[in-house]
Amino acid sequence: MEVRRLAIEDVILITPGRHSDKRGFFSETFNKFQLATEAGITEEFVQDNHSLSVDVGTVRGMHFQVPPVAQDKLVRVLRGSVLDVVVDIRRGSPSYGRSVSAVLSEENWAQLWVPKGFAHGLCTLEPNTEVAYKVTEFYSAEHDLGLSWDDPALEIDWPVSAAEAILSDRDRRHPALATLKPFFTYDAD
């Protein structure tokens, strides 16, 4: 397993090993012990989610769940590829309002650790892209919120323009960072 901390160090890019032969490959995509010892991730996962985005330029996000059921996520791509984006929404954080991104694909086999206090979104780079992710809290509609995916203050370099992006009506209505309530605060410890 390869572990790399991104520019916001709480966000981690993890690439599990893949063992290939003439039949194909085998990979442990989740190993609780390895995540704890090699990446410092000890949270318990309670739910797996899977999405299919048919068209290139589909944007999902920027999503997060608020306390008391805030979620950590471990995101990976099963088919296709995405630009996966994470924004720090922890008030008082040195990286508040900043984003980091990584391409996740079936080819690079990378996974992204998205901790609580971060908004998460993605844009598909290929048709028929499938994304799977583990979460540490069950889904709660009343705690499920979002951040405007194209807020200029976030300075996210999306691979699609606002006019070309395919979004749900809900995702088009998320608030800008400047008007987002302080759901999360930064804890330096």
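## Cavities

By the rule used here, the count comes to two cavities of 30 Å³ or more. A cavity is a set of points, on a 1 Å grid over the protein atoms alone, where a 1.4 Å probe fits but cannot get out, and lining residues have an atom within 4 Å of a point. Grid points are joined across faces, edges and corners, and a volume is the space filled by probe spheres set on the points. The structure is a predicted model, in which local features need pLDDT of at least 70 and side-chain atom pairs count only at pLDDT 80 or more, whereas totals for chains, interfaces and linings use all residues. Residues are numbered from 1 along each chain as its sequence is written, and side-chain values use heavy atoms, with hydrogens and water left out.

The largest cavity has a volume of about 60 Å³. Of the 13 residues that line the largest cavity, Phe64, Gln65, Gln71, Lys73 and Phe118 are the closest to its centre. Strand 6 (59-65) and strand 12 (118-124) each supply at least two residues of this lining, and the largest share, three residues, comes from strand 6. Strands (E, at least two residues) and helices (H or I, at least four) are DSSP runs, numbered from the N terminus. By class, the lining has six nonpolar, five polar and two charged residues. Here Ala, Val, Leu, Ile, Met, Phe, Trp, Tyr, Cys and Pro count as nonpolar, Asp, Glu, Lys and Arg as charged, and the others, Gly among them, as polar.

The second largest cavity has a volume of about 30 Å³. Its lining is formed by Phe30, Lys32, Leu35, Ile41, Thr42, Glu43 and Phe45.

## Aromatic Pairs and a Charge over Rings

A search of the whole structure finds six aromatic pairs. Rings of Phe, Tyr and Trp (its six-membered ring) pair if their centres lie within 6.5 Å; planes under 30 degrees apart count as stacked, over 60 as edge-to-face and the rest as tilted. One of the pairs, Phe45 with Trp113, is edge-to-face, at 6.2 Å centre to centre and 85 degrees between the planes. Phe45 lies in the loop between helix 1 (32-39) and strand 5 (47-53) and Trp113 in strand 11 (residues 111-114), so the pair ties together parts that are 68 residues apart in sequence. Both Phe45 and Trp113 are buried, where buried means under 20% relative accessible area, exposed over 50% and partly exposed in between (1.4 Å probe, protein chains only).

Phe64 and Phe183 form a tilted pair, with 6.1 Å centre to centre and 50 degrees between the planes. This pair links distant parts of the chain, 119 residues apart: Phe64 is in strand 6, and Phe183 is in the loop between helix 2 and strand 15 (184-185). Phe64 counts as buried at 3% relative accessibility, while Phe183 counts as partly exposed at 30%.

Phe30, Phe45 and Trp113 form one aromatic cluster. Lys134 lies over the face of Phe30, at 4.9 Å from the ring centre, and the charged end of Lys134 also sits over the ring of Phe45, 5.9 Å from its centre. A charge sits over a ring if NZ of Lys or CZ of Arg is within 6 Å of the ring centre and within 35 degrees of the ring normal.

## Backbone Features

The peptide bond from Gly61 to Met62 is cis, with omega near 0 degrees, and Met62 lies in strand 6. Another cis peptide bond joins Pro67 and Pro68, with omega about 10 degrees.

Technical notes
On a 1 Å grid over the protein atoms alone, a cavity is a set of points where a 1.4 Å probe fits but cannot get out, and a pocket is an open set with protein on both sides within 12 Å along at least five of seven lines; lining residues have an atom within 4 Å of a point.
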